[in-house]
Structures are given as structure tokens and as C-alpha cells.
Amino acid sequence: MAIGTNGLVIRRVKKIKKGGHHGGAWKIALADFALAMMAFFLVLWIMSVASPEELKSIEGYFQDPMGPSTAGFSASPIDLGGSPAKSAEKKLDLQLPDPGSVDVPSRDDRLGNGPESSESKSINDMLQEEVGKMNVLLSQQQNMRIEITPLGVRITLLDDPDKPMFERGSARMMPDIENTLLTMSPIFNKVTNPIVITGHTDSSKFSGGRLDNWDLSALRANAARRILEEGGVADKRIAQVIGLSDSIPYNRFDTDSAENRRISITLLTDDAYKKLLDQNRRNFGDAAQQSIENLTPEAVF
């Protein structure tokens with residue numbers, strides 16, 4: 001026993017601290033790293049599948065995220081074939097197929113090279129030949145496009161800032177475009193195909209009184225119809241006259257471009273005309289009417 005004044009023994013115990021809980025901060029860092037790697041590989045995938053136009057749009061977004069830039073940025077999402085994206089073409093398709101009757105067109109049909117394209121090609125050859133033989137007015141028309149589409153042959157007259165087709169904010173035609181349509185009327189009379197006329201504008205908002213781009217596109221399409229009829233085209237051949245405003249731009253990467261202001265004249269094939277009549281009947285006519293699949297343009301005109 002230790003010797004002391006009161007016989008007490010004092011024992012001192014030294015505590016050794018061991019490694020305790022370090023927390024979960026490393027898990028957050030790992031999650032951030034995994035997310036960064038996923039974003040990196042997603043960017044690599046987008047660059048590998050995107051078209052040159054889409055790459056320009058992506059580049060423009062990073063140059064100017066708050067608005068359009070010179071690199072071609074569009075505020076609309078880019079559809080890379082994944083989930084549905086908002087379309088820049090503000091159109092409402094009322095010609096939807098009936099359930100269970102979806103007819104998916106082949107690639108050749110979409111390009112105008114399907115089995116029914118022989119009629120379109122013959123019309124196209126005739127138009128190209130006749131335009132070449134006509135006067136200097138048509139042969140020097142730089143803003144005219146003649147194209148084969150699934151509906152038939154489309155003649156597009158594009159606006160030129162230096163030589164506009166219409167007076168600004170008006171449906172009054174300038175003399176040059178009026179003479180062009182009058183000159184083309186005899187060419188259209190060499191065939192009997194029905195005609196669809198559509199008017200288009202750019203995306204610039206028009207603030208001229210009570211008129212807007214919808215009014216302008218419809219009025220200009222109707223003005224083209226009147227000039228064609230004045231040139232000798234029978235009014236019964238006009239199947240549709242439509243104003244589409246800026247809903248279907250010709251140049252979708254620059255919706256303010258002058259070429260978006262245009263008039264399109266489509267010579268329909270017999271099959272396209274039948275489908276158009278049947279779609280209009282189902283969408284806008286009496287559902288009790290009988291089918292007109294056997295109706296031919298010759299029976300109407």
C-alpha cells in the first residue's frame with residue numbers, strides 16, 4: 001500500500017482518441033464527378049449525331065444564350081430523334097389519319113421519287129422546257145424555284161429585297177411579279193391538273209392597322225389566284241388558296257429572311273388531288289357523304 005497521509009491511491013488513466021466518423025462529403029464529390037462525366041459524354045454524343053446546321057445552332061446558343069446570334073441560334077429546341085420537342089413550325093395539322101389507318105410514306109415518296117412520281121416528273125419537264133422557251137422575263141427570274149414534291153410540282157416565287165413582289169404591308173402586286181404570273185398562265189393551261197396556291201410571310205411582326213401576317217399571306221395568295229385567272233386559268237382548277245403566315249418558313253434558320261416571303265403554286269397529281277378532296281370532306285364536310293375515291297379531275301373540270 002502506498003504511504004500517504006490518508007492512505008489514498010490515485011490512478012491516472014490516459015485516454016487515447018481513435019479515428020472517428022469522417023462524414024459523407026466524399027459522396028457528394030463523387031456524385032458531382034459522375035454527373036460531370038455524364039454531361040461530357042452527352043455533349044460528345046450530340047456532336048456526333050448533329051447535322052452541321054444543328055451544330056451552328058448549338059454554337060450560337062453558347063455565344064448568345066439570351067437571344068438570336070449571328071451563328072444561327074434558334075430559341076427552339078433541337079430535335080435529335082429522342083423525346084418530342086417543341087416545333088419551330090407553328091402549324092396545326094388537322095389532316096390526321098384515322099386510328100389504325102396510318103400509312104407511313106417511304107423515303108422515295110417523301111422525296112418525290114415514288115411510283116406515283118412519273119406524272120410529277122412529266123409536268124416538271126414540261127414546265128422547265130416551257131419556261132426556257134418563254135420570254136426574257138421568265139428566263140431571268142432568279143427567285144423562281146420549280147421542285148417536285150409528294151403533292152406534285154411546286155413553283156415557288158421568292159421575294160427579293162431589291163425587287164419586292166408586293167408593296168410593303170400590302171397585297172398589291174408589283175408590276176414585275178404580276179407580269180410573271182400572267183406569262184405563266186398559258187403554261188399552266190397546257191395541263192389540267194388542279195392548283196393549290198399558298199401565301200407565306202417572314203416572322204417580322206406587321207403592325208399596319210388591323211392587318212397581321214395571317215391576313216397578308218391569305219390576301220397575297222388570293223391576289224395571285226386573281227392574276228392567274230386573269231391570264232386564262234379556269235377558276236374551277238383552283239383547289240385551295242391558303243394563307244400560312246410565317247408558320248412554314250422556307251429558311252427556318254433565318255425566319256426574318258426575305259425568301260420566307262413567297263407565293264407557292266402547286267400543280268397536284270391526280271392521286272394527291274383525290275387525297276386532298278377526301279381529307280377536306282372528312283375534316284370539314286358532312287361525315288355522312290359518300291367517299292369520292294373514284295372521283296377524277298377530268299370529271300370535275
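Author: Helices and strands are DSSP runs, numbered from the N terminus: a helix is a run of H or I of at least four residues, and a strand is a run of E of at least two. The structure is a predicted model, in which local features need pLDDT of at least 70, side-chain atom pairs count only at pLDDT 80 or more, and totals for chains, interfaces and linings use all residues. Residues are numbered from 1 along each chain as its sequence is written, and side-chain values use heavy atoms, with hydrogens and water left out.

Reader: How many helices does the protein chain have?

Author: From the N terminus on, the elements follow the order α-α-α-α-α-β-β-α-β-α-β-β-α-α. Besides five strands, the number of helices in the protein chain is nine.

Reader: In which element is confidence highest?

Author: The predictor's confidence in each residue is its pLDDT, from 0 to 100. The protein chain averages a pLDDT of 76, and 66% of the residues score at least 70. Helix α5 (residues 136-139) has the lowest confidence, at a mean of 48, whereas the highest, at 95, belongs to β3.

Reader: For residues 89-94, how many contacts beyond four places in sequence does the model have?

Author: A contact means heavy atoms within 4.5 Å. Over residues 82-87 pLDDT stays under 50, and the model has four contacts beyond four places in sequence for them. Where pLDDT is low, the predicted coordinates should not be read in detail. Over residues 89-94 pLDDT also stays under 50, and the number of such contacts is nine.

Reader: How far apart are the end C-alpha atoms of residues 24-47?

Author: An unreviewed UniProt entry annotates residues 24-47 as "transmembrane region"; such annotations may be inferred rather than shown by experiment. In the model, this part of the chain is 96% helix and 0% strand, and its end C-alpha atoms are separated by 36 Å.

Reader: What relative accessibility does Phe-40 have?

Author: The structure holds one aromatic pair (ring centres within 6.5 Å; planes under 30 degrees apart are stacked, over 60 edge-to-face, the rest tilted). Phe-40 and Phe-41 form this pair, which is edge-to-face, at 5.5 Å centre to centre and 70° between the planes. Residues are buried under 20% relative accessible area, exposed over 50% and partly exposed in between (1.4 Å probe, protein chains only). Phe-40 counts as partly exposed because its relative accessibility is 44%.

Reader: Which residues of the largest nonpolar core touch the most other members?

Author: A nonpolar core is a set of buried Ala, Val, Leu, Ile, Met, Phe, Trp, Tyr and Cys residues joined through side-chain atoms within 4.5 Å. Of the 29 residues in the largest core, those that touch the most other members are Leu-127, Ile-155, Met-173, Leu-181, Phe-188, Ile-197 and Leu-267.

Reader: Which elements give two or more residues to this core, and which residues belong to another core?

Author: Two or more residues come from each of α4 (117-133), β1 (144-149), β2 (152-158), α6 (175-188), β3 (195-200), α7 (213-230) and β5 (262-268). Another core, of five residues, lies apart from the largest one; among its members are Val-196, Leu-268, Ala-272 and Tyr-273.

Reader: How far apart in space are Leu-151 and Lys-275?

Author: Leu-151 lies in the loop between β1 and β2. Beyond four places in sequence, Leu-151 touches Thr-266, Leu-267, Leu-268, Thr-269 and Ala-272. Although Leu-151 and Lys-275 are 124 residues apart in sequence, their C-alpha atoms are separated by 9.6 Å.

Reader: Is Glu-259 buried or partly exposed?

Author: Glu-259 lies in the loop between β4 and β5. Leaving aside neighbours within four places in sequence, Glu-259 is in contact with Leu-158, Asp-159, Tyr-250 and Asn-251. Because its relative accessible area is 24%, Glu-259 is partly exposed.

Reader: What is the phi of Ser-245?

Author: Ser-245 lies in the loop between β4 (238-243) and β5, and is buried, with a relative accessible area of 2%. Most residues other than glycine have a negative phi. Ser-245 is not a glycine, yet its phi is positive, at about 50°.

Conventions
Rings of Phe, Tyr and Trp (its six-membered ring) pair if their centres lie within 6.5 Å; planes under 30 degrees apart count as stacked, over 60 as edge-to-face and the rest as tilted.
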